[in-house]
Amino acid sequence: MTTTLDPSFLRAVCLLVSFKPKAMIRAQAALLLIGLQHPEFTAADLPAEVVVNKHISGAATGALIAQGLLQVCGRVKSPHPSAKGRKLDLLQLRSRELARAWLRANHIQPPPAAEQPCLPDFPENC
């Protein structure tokens, strides 16, 4: 399953990256770290301390999808009651090694590979 990212959404991502670079990097890093620990996850899994406003989680997710680091593998109901049943993209890493490389390039030390669970869908990454 793929998500088509609208050009206006990508423009918003570029603006957030330009004007809130630290917040975007924190949110993207948190998503990748979550992905290294869980085979499937959503943007709703981001801790509240990381999400400075409601747009950062979506923009960070979209940026990682556009970069080819995340892929959409389904849709699930939001766990937040305030979302009123709205659906979220269910995400997974495209590559554990690419995620680790992105983290290192952004000066974030990923956990050692030995501490990460083996993902059943990606036996080549074990």
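Helices (H or I, at least four residues) and strands (E, at least two) are DSSP runs, numbered from the N terminus. This is a predicted model: local features need pLDDT of at least 70, side-chain atom pairs count only at pLDDT 80 or more, and totals for chains, interfaces and linings use all residues. Residues are numbered from 1 along each chain as its sequence is written, and side-chain values use heavy atoms, with hydrogens and water left out.

**View 1. The whole chain.** The chain has 4 helices and 2 strands. Along the sequence they follow the pattern α-α-α-β-β-α. Of the 126 residues, 39% count as buried. Buried means under 20% relative accessible area, exposed over 50%, and partly exposed in between (1.4 Å probe, protein chains only). Contact means heavy atoms within 4.5 Å. Among contacts with a separation of 6 or more, 62% come from residues 24 or more positions apart.

**View 2. Confidence along the chain.** The predictor's confidence in each residue is its pLDDT, from 0 to 100. The chain averages a pLDDT of 81, and 83% of the residues score at least 70. Among the elements, helix H4 (residues 96-105) has the highest mean pLDDT, 95. Helix H1 (residues 7-19) has the lowest, 71. Over residues 117-126 the pLDDT is below 50. Beyond near neighbours in sequence, this stretch has 14 contacts in the model.

View 3. Helix H2 (residues 21-37) has 17 residues. From its first C-alpha to its last, H2 reaches 24 Å, close to the 24 Å expected at 1.5 Å a residue. The expected span of a helix is 1.5 Å times one less than its number of residues. Buried residues in H2 include Ala-23, Met-24, Ala-27, Gln-28, Leu-31 and Leu-32. Further along H2, Ile-34, Gly-35 and Leu-36 are also buried. An α-helix has 3.6 residues a turn, so residues three or four places apart point the same way.

**View 4. Gln-28 of helix H2.** Gln-28 is found in helix H2. Gln-28 counts as buried because its relative accessible area is 5%. Leaving out residues up to four places away in sequence, Gln-28 touches Ala-60, Ala-63, Leu-64, Gln-67 and Trp-102. Gln-28 and Ser-57 are 29 residues apart in sequence. Their C-alpha atoms are 8.1 Å apart in space.

View 5. The 13 residues of H3 should span 18 Å at 1.5 Å a residue. The end C-alpha atoms of H3 are 19 Å apart, which agrees. Buried residues in H3 include Ile-56, Ser-57, Ala-59, Ala-60 and Thr-61. Gly-62, Ala-63, Leu-64 and Ile-65 of H3 are buried too. Just after H3, Gly-68 takes a positive phi of about 80°.

**View 6. Ser-57 of helix H3.** Ser-57 lies in helix H3. Ser-57 counts as buried because its relative accessibility is 14%. Leaving out residues up to four places away in sequence, Ser-57 touches Leu-31, Ala-43, Leu-46 and Val-51. Ser-57 and Thr-42 are 15 residues apart in sequence and 9.6 Å apart in space, C-alpha to C-alpha.

**View 7. The largest pocket.** The largest pocket has a volume of about 710 Å³. Of the 23 residues that line this pocket, the closest to its centre are Ala-43, Lys-54, Ser-57, Gly-58 and Leu-88. Helix H3 (54-66) and strand S2 (87-93) are the elements that give two or more residues to the lining. H3 gives the most, with 6 residues. The lining divides into 11 nonpolar, 7 polar and 5 charged residues. Ala, Val, Leu, Ile, Met, Phe, Trp, Tyr, Cys and Pro count as nonpolar, Asp, Glu, Lys and Arg as charged, and the others, Gly among them, as polar. On a 1 Å grid over the protein atoms alone, a pocket is an open set of points where a 1.4 Å probe fits, with protein on both sides within 12 Å along at least five of seven lines; lining residues have an atom within 4 Å of a point. Grid points are joined across faces, edges and corners, and a volume is the space filled by probe spheres set on the points.

**View 8. The segment after H4.** His-107 is in the segment after H4. Phi of His-107 is near 60°, a positive value in a residue other than glycine. Most residues other than glycine have a negative phi. His-107 counts as exposed because its relative accessible area is 76%. Ala-113 is also in the segment after H4. Ala-113 counts as partly exposed, at 47% relative accessibility. Ala-113 and Glu-97 are 16 residues apart in sequence and 9.5 Å apart in space, C-alpha to C-alpha.
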